[in-house]
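Trainee: I have a chain on screen and a few questions. Can we go through them one by one?

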Amino acid sequence: GVEFYGHTVEFTNFTQAVFTMFQIATFEGWAELARVLTGDSGEVNVGTSVFFTTYIMIVSWMLLPVVVALLLDNFSKVAAIEAALEVKEIQVTQRLVSHVLDPLMSSLSRYNTSKDLSLRIKTLYELLDADDSNGLSYEEMHEGLKKLDLKPGIHLLADDWDAITNFGSLLNDNGEVGLGEFERIVRKQLMEFLHRNNSSALIAAGEAGSDLAAVFSSVNYLIMELDQVKKDNAEVKHHIEHLVGALTESVRDRDRDRDDQLDSMGRSGRSWMDRAGSGSGS
């Protein structure tokens, strides 16, 4: 452009020519500029026509659509990657936080010994028991959990309270949970939390093709076996209690029968003695 039209203001130097060509690429006033370059005669200049026509066809009809297509393709790829990452993050969050008390269980899971865990549970119970009544109500636990510095925070609903208290079977006459029942609830929730975490780690290790998948699978199996042992022990305990109750009742029945027999024998002996005494007197 500088070489062909350097005598015009629009192509005086390279910088001015670049600006002019950019103006043409935007279709802003290019027709008026082309007519100015044709000369005063007003006749169509073939060289000028070919210059502008080929430039517009190459830049506006070919290069710009390619650039726009590349930008849209890259934008679509970035959007798809972000969507996949968001879905994965949601899945991870759902795995890690699948119960309302999981943030609390995550904090409690860092205990050293069973005694240390009991001490942590007792401290938590005393913290939540706002009125120091040795009883924890739904309102106290609901408000207390919201004040704890946990990420994410815990918003305990009434349905959650019913579920963790086994629909009220662990509540006392005042509708509150004592320390012993609270520890049972926390230990059960902690066991379920560790089981869920181990299952999540097993899935992640399997997706990554890691050898740790076998380790997590073994741990998962041990947790299931331990839970089954606890259930079996509970059933055995129930059967033993039932058997002891039946034996106790049988012993009581036998004692009653023996007492009845002794009483009957005693009455018969007294009656015989009375009759014998009456015969001697006559």
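Trainee: How many helices and strands does the secondary structure of the protein chain come to?

Mentor: This is a predicted model: local features need pLDDT of at least 70, side-chain atom pairs count only at pLDDT 80 or more, and totals for chains, interfaces and linings use all residues. Residues are numbered from 1 along each chain as its sequence is written, and side-chain values use heavy atoms, without hydrogens and water. Helices (H or I, at least four residues) and strands (E, at least two) are DSSP runs, numbered from the N terminus. The count for the protein chain is 10 helices and zero strands.

Trainee: Is Q189 buried or exposed?

Mentor: Q189 sits in helix α9, residues 179–208. Buried means under 20% relative accessible area, exposed over 50%, partly exposed in between (1.4 Å probe, protein chains only). Q189 has 6% relative accessibility, so Q189 counts as buried.

Trainee: Which residues is Q189 in contact with, leaving aside its neighbours within four places in sequence?

Mentor: Contact means heavy atoms within 4.5 Å. With those neighbours left aside, the contacts of Q189 are H99, L101, M105 and I164.

Trainee: And L63: which class does its relative accessibility put it in?

Mentor: L63 belongs to helix α4, residues 46–96. Its relative accessibility is 48%, so L63 counts as partly exposed.

Trainee: What percentage of the residues of the protein chain count as buried?

Mentor: The protein chain has 282 residues. Q189 is one that counts as buried. For the protein chain, the buried share is 22%.
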